[in-house]
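Biologist: Could you take me through one part of this model up close, the place where aromatic rings meet? I am new to this, so please go step by step.

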Amino acid sequence: MAKMAFQHQAGTAMECLSIPITLQKEAGVDSEGREVMKCGFKIGGGIDQDYRKSPQGYTDNGIYVTEVHEGSPAAKSGLRMHDKILQCNGYDFTMVTHKKAVSYIKKHPILNLLVARKGVTST
């Protein structure tokens, strides 16, 4: 019998853990001098995108964090690259288009996010 390299304990999440994150945007100024609320992260994915073409190798049409800027509200909130956004302020993000996700994120000064992070079983 082959030895198992990884023993899975009952009651622990194997695939991923849902992590609640509260992100408070900061007021900033964009390149054209307009006041904007900055959150400091970029997203990829959406049901209108072909995930098989994603450079990150994502396996579904979910909304994923593709970039987190250092020292930004996103970084301070604990958001990490490759987190999958499941919800934003109670709105389901697993079945949205890319554009819809972007406009929803832009609309709110505070984002209550629920993210899934692969390979993490406890915080």
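Predicted model: local features only at pLDDT ≥ 70, side-chain atom pairs only at ≥ 80, totals over all residues.

Modeller: The structure holds 4 aromatic pairs, and we can begin with the one formed by Tyr-91 and Tyr-104. Their ring centres are 4.5 Å apart and their planes meet at 20°; planes under 30 degrees apart count as stacked, so this pair is stacked. Where do Tyr-91 and Tyr-104 lie along the chain? Tyr-91 belongs to strand β7 (residues 91-92), while Tyr-104 is in helix α2 (residues 98-107), so the pair ties together parts that are 13 residues apart in sequence.

Tyr-91 is partly exposed, at a relative accessible area of 28%, whereas Tyr-104 is buried, at 14%.

Tyr-104 has another partner, Phe-93. The centres of these two rings are 6.0 Å apart, and their planes stand at 70°. An angle over 60 degrees counts as edge-to-face, so Phe-93 and Tyr-104 form an edge-to-face pair. This pair links distant parts of the chain too: Phe-93 sits in the loop between β7 and α2, and Tyr-104 in helix α2, 11 residues apart. Phe-93 counts as buried, with 0% relative accessibility.

Note on methods
Residues numbered from 1 in each chain as written. Heavy atoms only, no water. Phe/Tyr/Trp six-rings, centres within 6.5 Å; stacked < 30°, edge-to-face > 60°. Helix = DSSP H or I, 4+ residues; strand = E, 2+ residues; numbered from the N terminus. Buried < 20%, exposed > 50% of the residue type's maximum accessible area, 1.4 Å probe, protein only.
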